[in-house]
Amino acid sequence: MRLSLSLLLLVLISIQLPGCAAEQAKVVPNAQTEFAAFLKDFETRLIPLSRNANLASYEANISGRDEDYKRSEELQLAEKKLHSDPGTFARLKTWRSGGAVTDPILARQLDLLYLAFLGNQLPAEMLAELVARETALERTFNTFRATLDGRTVSDNELDAVLTESKDPARLERAWMASKAVGKTAAPAIVELVTLRNKAAKAVGYPNFQAMQLALSEQDPAQVETLFDELDALTRDDFARVKEEVDGLLARRLGIAKGALRPWHYQDRFFQSAPRVYAVDLDAYYKGKDLVKLADQYYGGIGLPVTDILNRSDLFEKPGKYQHAMSTDIDREGDVRILCSIKPNAYWMDTILHELGHGAYSKFYDPVLPFLLRDAAHAFTTEAIANLFGRLASDPAWLQQMLGLSAQERARIEQPLADSQRLEQLVFSRWSQVMFRFEKAMYENPNQDLNALWWNLVERYQLLRRPEGRNEPDWASKIHVALYPAYYHNYLMGQLLASQFSRHVAVAVLKADDPRRASFTGRKDVGAYFIENVFKPGSRFPWNEMIERATGEPLTAKYYAAEFVR
Ligand SMILES: [Zn+2]
């Protein structure tokens, strides 16, 4: 029945002739009115389903029970199905190309709905094969256990060896062990990449990476330009810092600088900074009430989150998901976060981070329709979360919130700045590798991927590849297999955090030195974010929102100003 209706619509639209639109309007229902009516009906199905799916996922993450996960999966599948009907997709396409939906709020919803449907238009058997292959790979990664010195070891144990051992030979063995999963997973990843590309071509994109970006309103060329810009801004400073780090690591390990290899950097991918600047942040949070600190801070800047905290699940429980998340259950204010808080720096960062996501969701404009009560992009909400999460290692924040003496603050100021800077530079260079590897891999999955990987690692991270190594080390990074073409958003979230931070310091706080401006106790900071970032939701494409909020589109220059010397 749905099919015949859409056929009828196609006929009606195709007989519209130029010059007689007014005449036709009497006969043919106006496409805009028709789309609005469709939307109303679609919402009655989407809103309760979305609410139930979010709730089920949140509950499964807390209980860890199989039956809760099963229910959550079923509801998520139902949501996918709601967005896959080819008849509805055809109608959306027609409305979109017809150009009669001109009301900006309706047109924006049409765009977003069209993209959501486009991503779900694969033939059923292809969709099933993709899901089956991804699930199999997920199991490979979840169940694989590395072997070190004849013993089976967990990821945590491997990481502990890499960060703590001073024995170069043992470090090498631990790093090699951490790469073993890549050898197991690589053939399945290449097959999956090929299938993803086939799927992308079926809906009109040159490859899967190009499709993923387009579906989230990102232009691949624009993202690449941004990464090029950031590469140029960080290259020399990273080289200088890396020299310094190499000196410190070589001394610590008792080897020559030239003998340093990827296993000497305390992280299997050198994606986060080795601990070379000594500040014990955990000591400041020992015995502190992190929930209260976060609550007070957010309340002080005019973003009250007490209601979110009261609804949330904040401490460890058996079977509970061990990472953290924030979820917007109904887009009507039921926002919750999930944490396993311990009184240390990691969890201070994390609770501030999750409440950043939470505040974003809490303050969407209730006047906007359901579809637009969402973040402008995944990375824009990540930016807000990063911005507030960074405070956990900010000397001014530590002083204001924990009552550190001026002397104590002065003592930790430099080492904290050095470690933050190192962390950002290391992460930014690593993100270059991920973005460029995925792009090249989806352009041609049959090339020598092992060589591609090490060429990029040497170029952007300035690491030296192990002599004679020809192994699929890229395949040991779970994101390459299971969270494809998404990694660049982490870095874009960092860039935008710096851009927001700078803009608020200058435009809201009128600070003489924007680098030393503090938000603490300033309700006008919260008011700025509510009005310019949260309330608009996804009313505008992400770069338009950023430009309206900060006066310019997304740029790498404030991130560079904050972390590059
Ligand atoms: Zn986040």
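Tutor: H357, at 11% relative accessibility, counts as buried, where buried stands for under 20% relative accessible area, exposed for over 50% and partly exposed for in between (1.4 Å probe, protein chains only). This is a predicted model, in which local features need pLDDT of at least 70 and side-chain atom pairs count only at pLDDT 80 or more, while totals for chains, interfaces and linings use all residues. Residues are numbered from 1 along each chain as its sequence is written, and side-chain values use heavy atoms, with hydrogens and water left out.

Student: Where do H353 and H357 lie in the secondary structure?

Tutor: Helices (H or I, at least four residues) and strands (E, at least two) are DSSP runs, numbered from the N terminus. Both histidines belong to helix α15 (residues 345-362), in which they are 4 residues apart, about one turn of the helix; H353 is buried too, its relative accessible area being 14%.

Student: Which residues touch the most other members of the largest nonpolar core?

Tutor: A nonpolar core is a set of buried Ala, Val, Leu, Ile, Met, Phe, Trp, Tyr and Cys residues joined through side-chain atoms within 4.5 Å. In the largest one, which has 170 residues, F500 and F529 touch the most other members, and helix α18 (residues 406-443) supplies the largest share, 14 residues. Another core, of 6 residues, lies apart from it and includes L55, I62, M325 and I329.

Student: With what is F500 in contact, leaving aside its neighbours within four places in sequence?

Tutor: Contact means heavy atoms within 4.5 Å, and with those neighbours left aside the partners of F500 include A383, I384, L387, Y528, F529 and V533. F500, Y528 and F529 are also among the members of one aromatic cluster, together with Y297, Y298, Y360 and W397.

Student: How many aromatic pairs does the structure hold?

Tutor: Rings of Phe, Tyr and Trp (its six-membered ring) pair if their centres lie within 6.5 Å, and planes under 30 degrees apart count as stacked, over 60 as edge-to-face and the rest as tilted. The structure holds 33 such pairs. One of them, F89 with Y114, is stacked, at 5.5 Å centre to centre and 20° between the planes; this pair links helix α5 (residues 86-98) with helix α6 (residues 104-118), its residues being 25 apart, and both are buried. F437 and W474 form a tilted pair, with 5.6 Å between centres and 35° between planes, which joins helix α18 to the loop between α19 (449-461) and α20 (478-482) across 37 residues.

Student: Over which ring does the charged end of R548 sit?

Tutor: A charge sits over a ring if NZ of Lys or CZ of Arg is within 6 Å of the ring centre and within 35 degrees of the ring normal. R548 places its charged end over the ring of F540, 3.9 Å from the centre, and R196 lies over the face of F208, at 5.5 Å from the ring centre.
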